[in-house]
Amino acid sequence: FSLEAGTGALVGGPDIITRGFVYVRESEDLVDEIREYAKEQILKLVKSHVTEWSAIKAGLRQNLCDFVYKKTRRNPMILPIIFRI
């Protein structure tokens with residue numbers, strides 16, 4: 001994700017990269033769902049006036065873990081990377 005430092009507006013992303021979790025060519029729909037869900041969650045956190053970057057990352061990580069587990073019954077490692085521009 002790329003967020004504007006002053007306003008918290010979403011500038012770019014999210015990019016979803018998988019390694020050994022799902023075969024991307026067969027799971028493009030799942031990756032698209034994860035991307036949209038991640039975007040929704042980051043916007044919710046920003047709208048909730050969460051300004052601490054570690055809290056944003058932790059909240060996003062937990063929400064994505066829950067979402068992916070419900071969809072796949074797997075617990076992949078999720079590493080949110082957020083850039084302030």
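Residues are classed as buried when their relative accessible area is under 20%, exposed when over 50%, and partly exposed in between (1.4 Å probe, protein chains only). By this rule phenylalanine 67 is buried, with a relative accessible area of 14%. The model is a predicted one: local features need pLDDT of at least 70, side-chain atom pairs count only at pLDDT 80 or more, and totals for chains, interfaces and linings use all residues. Residues are numbered from 1 along each chain as its sequence is written, and side-chain values use heavy atoms, with hydrogens and water left out.

The protein chain holds 2 helices and 3 strands. Helices (H or I, at least four residues) and strands (E, at least two) are DSSP runs, numbered from the N terminus. From the N terminus on, the elements run β-β-α-α-β. For 85 residues, a compact globule would have a radius of gyration near 12 Å; the protein chain has 13 Å, which agrees. This radius is taken over C-alpha atoms, and the globule rule is 2.2 Å times the number of residues to the power 0.38. Along the principal axes, the C-alpha atoms fill a box of roughly 40 × 20 × 15 Å. Of the 85 residues, 29% are buried. Contacts are counted where heavy atoms lie within 4.5 Å. Among contacts with a separation of 6 or more, 57% come from residues 24 or more positions apart.

The strands form an open sheet of 3, in the order S2-S1-S3, with mixed pairing. Strands S2 (10–12) and S3 (83–84) stand at the edges, each with a single partner strand, so one side of each is left without a neighbour in the sheet. Two strands are taken to pair if DSSP finds at least two bridges between them. Strand S1 (residues 2–3) runs antiparallel to S2, and 2 bridges join them. Leucine 3 has leucine 10 in S2 as its bridge partner.

Helix H1 has 20 residues and reaches 29 Å from its first C-alpha to its last, close to the 28 Å expected at 1.5 Å a residue. The expected span is 1.5 Å times one less than the number of residues. Buried positions in H1 are Leu30, Val31, Ile34, Ala38, Gln41, Ile42 and Leu45. They cover an arc of only 105° around the axis, which puts them on the same side of H1. The arc is that of the directions from the helix axis to the C-beta atoms. Asp29, Lys44 and Lys47 are exposed on the other side of H1. The cover over the buried residues of H1 includes S1, S2 and helix H2 (53–72). Just after H1, histidine 49 takes a positive phi of about 65°.

Glutamine 41, in helix H1, is buried with a relative accessible area of 7%. Not counting residues up to four places away in sequence, glutamine 41 touches Leu60 and Asn63. Neighbours within four places in sequence aside, leucine 45 is in contact with Val50, Ile56, Gly59 and Leu60. Leucine 45 and glycine 12 are 33 residues apart in sequence and 16 Å apart in space, C-alpha to C-alpha.

Trp53, Ile56, Leu60, Leu64, Phe67 and Val68 are buried in H2. Seen down the axis, these buried residues fall within an arc of 95°, so they line one face of the helix. S1, H1 and S3 are included in what covers them.

Rings of Phe, Tyr and Trp (its six-membered ring) pair if their centres lie within 6.5 Å; planes under 30 degrees apart count as stacked, over 60 as edge-to-face and the rest as tilted. The count comes to 1 aromatic pair. The rings of tyrosine 37 and phenylalanine 67 have their centres 4.2 Å apart and their planes at 10°, so the pair is stacked. This pair links distant parts of the chain, with tyrosine 37 in helix H1 and phenylalanine 67 in helix H2, 30 residues apart.

Arginine 73 has a positive phi of about 60° although it is not a glycine. Arginine 73 is exposed, with a relative accessible area of 59%.
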